[in-house]
Amino acid sequence: MKLCIPTMDNGGLDDVVCDHFGRAPTFTVVDTETNEVQVVKNRSEHMGGLGKPPEHIAKTGAKVLICSGLGPMAIDMLVGFGVEVYVGAAGTAKEAIEAWKEGKLTAASHDVACKGHAH
Amino acid sequence: MSSESERRPTRIAIASGKGGTGKTLIATNLASVMSDVTLVDLDVEEPNCHLFQKAECEAPEKAYRPVPEVDEGKCTLCGRCGEVCQFHAIVTLPKEVMVFSELCHGCGACSMFCPENAIAEKEHCLGDTISTSGEHFELLYGRLRVGEAMPTYLIRQVRGMIPGGADAVLDCPPGTACASVESIRGADLCILVTEPTPFGFHDLKLALGVTKKLSVSSAVFINKDGLPGPDIDGFCRDNNIPVIGRLPLDRDIAERYSRGELLISDAGYRAVFESLRDRIMEVTVR
């Protein structure tokens with residue numbers, strides 16, 4: 001199964017989880033079966049491109065998104081695309097995945113969604 | 001020589017790059033010395049011309065923007081609506097279509113191109129439009145609903161309500177973004193109000209870039225003249241932009257303005273605006 005983590009810089013397991021979901025420069029996609037790591041640049045409208053971040057993430061085939069936090073519309077769209085969303089991740093992508101595996105992260109809902117862009 | 005009857009109605013936009021340079025001061029007083037004129041406050045996010053018109057407010061009329069409403073029974077999730085939307089306001093998910101009504105510009109492309117005729121347009125309230133008559137001018141303005149992010153559609157609606165036969169003075173929102181572009185577009189003359197400060201000068205140059213791109217001829221009004229700042233006169237001379245009027249930096253002007261008074265009740269100030277009016281007529285006559 002593929003996991004997606006919005007990352008701060010050039011992506012990869014050692015890159016840091018980006019606090020701002022929509023404007024993360026990269027999305028790091030990890031296949032839990034093969035351990036294959038794929039890095040997708042964020043080319044959504046938030047970065048001057050086309051489409052919304054959840055559309056781009058859905059195209060990677062990811063079934064789980066692990067991030068720091070995100071807004072209610074983003075949650076709705078990801079859920080609509082069949083992607084499970086977990087919030088509260090911090091540290092590197094690798095650490096975030098470990099935390100998710102250990103059940104330490106919160107499943108996203110409107111109750112835990114970001115109300116604004118202040119981190 | 002053109003007589004009054006040969007002139008077609010003139011649209012004079014009063015704009016500025018920097019805010020707080022004196023657009024409303026110039027617009028209200030200019031309109032007051034013109035005859036048969038409508039003052040149009042296009043700063044729908046923060047209209048204030050009405051503060052200078054002591055008139056009973058007529059009932060506001062609600063203004064709407066059409067936004068798509070998808071009939072899920074007819075929708076086949078083909079995604080055509082999202083492809084044609086230039087504003088990313090409609091997204092097709094695997095089981096539903098999501099509409100971002102705050103991004104929608106009301107252009108109607110989604111409903112026009114929907115092959116299943118599944119998209120109807122419902123009305124989204126933008127705010128209201130208000131017209132009043134006062135002693136010095138007819139006033140028309142829009143008031144954007146609090147929380148509404150997009151002023152352009154309402155600005156277009158207010159502009160569409162300007163009576164055809166009369167001249168109009170358009171008090172535009174500040175800046176160089178969508179709202180000011182929508183307000184300046186199509187004007188016969190744009191008067192850029194500026195002040196001799198580094199910000200005033202910098203943003204004047206940006207605003208001149210907008211009027212040039214819109215092919216609207218521009219003139220400059222220097223407010224707070226006498227501040228020891230950049231040489232705006234010299235800049236205008238070098239770039240062939242007429243300086244069409246000026247007001248000095250004067251506490252008396254600020255005090256009158258803060259009380260909601262028009263300057264034209266004073267003969268000296270009145271002369272400034274009458275001469276501005278006459279210069280405008282010279283510049284815009286065809």
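**View 1. The open sheet of chain A in the predicted model.** Six strands of chain A form this open sheet, in the order β3-β2-β1-β4-β5-β6 and with mixed pairing. Its edge strands are β3 (37-41) and β6 (106-107), each of which pairs on one side only.

**View 2. Pairing of β1 with β2 in chain A.** Strand β1 (residues 2-7) and strand β2 (residues 26-31) of chain A run antiparallel to one another and are joined over 6 bridges. One of the residues involved is A:Lys2, whose bridge partner in β2(A) is A:Asp31.

View 3. A:Gly103 counts as exposed because 7 other C-beta atoms lie within 10 Å, where the cut-off for exposure is 12 or fewer. A distance of 12 Å separates the C-alpha atoms of A:Gly103 and A:Ile66, which are 37 residues apart along the chain.

**View 4. The largest nonpolar core and a second, separate one.** The largest nonpolar core comprises 60 residues, and B:Ile14, B:Val169, B:Leu170 and B:Ile191 have the most contacts inside it. Helix α1 (residues 23-33) of chain B supplies the largest share of this core, 6 residues.

**View 5. Surroundings of B:Leu170.** Leaving aside residues up to four places away in sequence, B:Leu170 touches B:Arg11, B:Ile12, B:Ala13, B:Ile14, B:Val40, B:Leu42, B:Ser183 and B:Ala187.

Technical notes: Residues numbered from 1 in each chain as written. Chains lettered and ligands numbered in written order. Predicted model: local features only at pLDDT ≥ 70, side-chain atom pairs only at ≥ 80, totals over all residues. Pairing = 2+ DSSP bridges. Helix = DSSP H or I, 4+ residues; strand = E, 2+ residues; numbered from the N terminus. Buried ≥ 20, exposed ≤ 12 C-beta atoms within 10 Å, placed from the backbone. Core = buried A, V, L, I, M, F, W, Y, C linked by C-beta atoms within 7 Å. Contact = placed C-beta atoms within 7 Å.
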